[in-house]
Amino acid sequence: MAKLRILHIGKYYEPFKGGIETFLRDLVESHTMQEHCDLSVLAHHHQTNQPTRNELINGVNVTRVKLWRRLVFAPICPTFLKELNRSIDKNAPDVLHIHMPNLSAFACLLSKRARQRPWIIHWHADVLGSAPDWRVKILYPLYRIFEKALLKYAKTIICTSPPYLESSQALAGYKHKCVVIPLGLRANAPPHDRTNPNTTDPPTPTTETLKLLMIGRLTYYKGHELLLQAIRELNNIELTIIGEGELRPQIEQRIKEWGLSDRVAVLGKVSDEDIETAIEQCDLVALPSLERTEAFGLVILEAARRGKPALAARVPGSGMGWVVVHNQTGWSVTPNSAAELTRQINHLSQHRGLIAACGQSARSRFAQHFTIEGVAKSLLKTYLSVTPVSAANGPNENTAPTTPGSEPR
């Protein structure tokens, strides 16, 4: 049978580093997708004033549209509509897979070629968080007009966790179209890694120091300062922070003011190899995020793949508390509570065996529910459900993954 032709419309693509971009790369390069689909990606350049470029990357046709500038975090590309039409003409997609939020995705509303094809919207996050940037708050009513039109036209809307779906005001009128498919990652460790991803032996702590790791943009909702407050109250705790962002000067100033320079390192932007090494060397990852702008927390899966548990905030409506099973694959704490965060870290520093046990459970849960091949099989069924193509193109029903959430915890 002929392969399905899928055009992904994203914000950025590799080598830009971000949770959505990592997921999209792993998805389109997965064995399941490459076996059953012809895949193309239309995204923006992540650097300004680079010419529009077409590339073939690991079997995927990738078009990067020239980026003019960014306005309130959104890439502005005047030629995006033209390149969208060109991509549709070239690739003749059966389905448009639109990753949101993405201002340029509204070009689909203006394209006759796009409107002739079924759309699947992948809802990674709402635009408005609990404490949005004032510029976003002012502009969102205008954005919302086009957002609603996009949602209305979509055949199916994919949300990444049940809590996020239930709490999203933007999706409130479209739940009849929504399905939950979690994010996922490659099951195996990257090629440069020297660990055995199939080992079942828990790591043995070699020092009394508890090593924490934070990975992500240095921005307001991540809760870096909250974690620094907790570490300030404790001994024998080390923290490595990876990422760049507008709050880096403030974070580094706090580290200096609170005398934490010998225990906290801010590495900034590092290579994939350095990230994998940092995960391998830490005891657990921390996500003390303050609000549901942290919609899923893909780093939880990156850590779980290597048998490392996560300490995450139990933010109402976020997927973090759904991905992390409290006291089984990690720990959930009340958001914006330095006192509870301090108590939990202190408890773990005194009961290191809990970390090893939860790490192994996290690895098992990842293998059962969050591998990219399992996610790809669920998405392939979704593609088939909106096209007249025979389901014979799809994977065997018995190989479809289960979605976590309904099983006992």
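This report describes strands, helices and their packing in a predicted model.

## Basis of the description

The model is predicted: local features need pLDDT of at least 70 and side-chain atom pairs count only at pLDDT 80 or more, whereas totals for chains, interfaces and linings use all residues. Residues are numbered from 1 along each chain as its sequence is written, and side-chain values use heavy atoms, with hydrogens and water left out.

Helices (H or I, at least four residues) and strands (E, at least two) are DSSP runs, numbered from the N terminus.

## The eight-stranded sheet

Eight strands make up an open sheet of mixed pairing, ordered β3-β4-β2-β1-β7-β8-β9-β10; two strands pair if DSSP finds at least two bridges between them. At the edges stand β3 (53-57) and β10 (178-180), each of which pairs on one side only. Direction ignored, neighbouring strands of the sheet are turned by 25 degrees against each other on average. Axes here are lines fitted to C-alpha atoms, for helices over the stretch in contact, and angles run from 0 to 180 degrees between N-to-C directions.

Strand β1 (residues 4-9) is mostly covered, with five of its six residues buried; buried means under 20% relative accessible area, exposed over 50%, and partly exposed in between (1.4 Å probe, protein chains only). Strand β1 runs parallel to strand β2 (residues 37-48), to which six bridges join it, and L7 stands opposite S40 in β2. Four bridges link β1 to strand β7 (residues 95-100), also in parallel, and I9 has I98 of β7 as its bridge partner. The pairing of β3 with strand β4 (residues 60-67) is antiparallel, over five bridges; L56 has N61 in β4 as its bridge partner.

## Helices on the sheet

Helix α3 (residues 80-91) packs on the sheet and touches β1, β2 and β4, its direction making about 160 degrees with that of β2. Contact means heavy atoms within 4.5 Å. Helix α15 (residues 372-385) lies across β1, β2, β7, β8 (119-123) and β9 (156-159), at about 105 degrees to β1.

G374 lies in helix α15 and counts as buried because its relative accessibility is 12%. The C-alpha atoms of G374 and I181 are separated by 9.7 Å, although the two residues are 193 apart along the chain.

## Helix-helix contacts

The axes of helix α13 (residues 338-350) and helix α14 (residues 352-369) come within 4 Å and cross at roughly 95 degrees. The two helices α13 and α14 are therefore roughly perpendicular; angles under 35 degrees count as roughly parallel, over 145 as roughly antiparallel, 65 to 115 as roughly perpendicular and the rest as oblique. In this contact, H347, L348, S349 and Q350 of α13 meet R352, L354 and I355 of α14.

Helix α8 (residues 224-232) and helix α9 (residues 248-257) have axes that come within 10 Å and cross at roughly 10 degrees, which makes α8 roughly parallel to α9. H224, E225 and L228 of α8 make the contact with Q250, I251, R254 and I255 of α9.

## The buried face of α10

In helix α10 (residues 272-281), the buried residues are I275, E276, A278 and I279. Seen down the axis of α10, the buried residues fall within an arc of 160 degrees, so they line one face of the helix; the arc is that of the directions from the helix axis to the C-beta atoms. These buried residues of α10 pack against β11 (210-215), β12 (237-242) and α11 (298-304).
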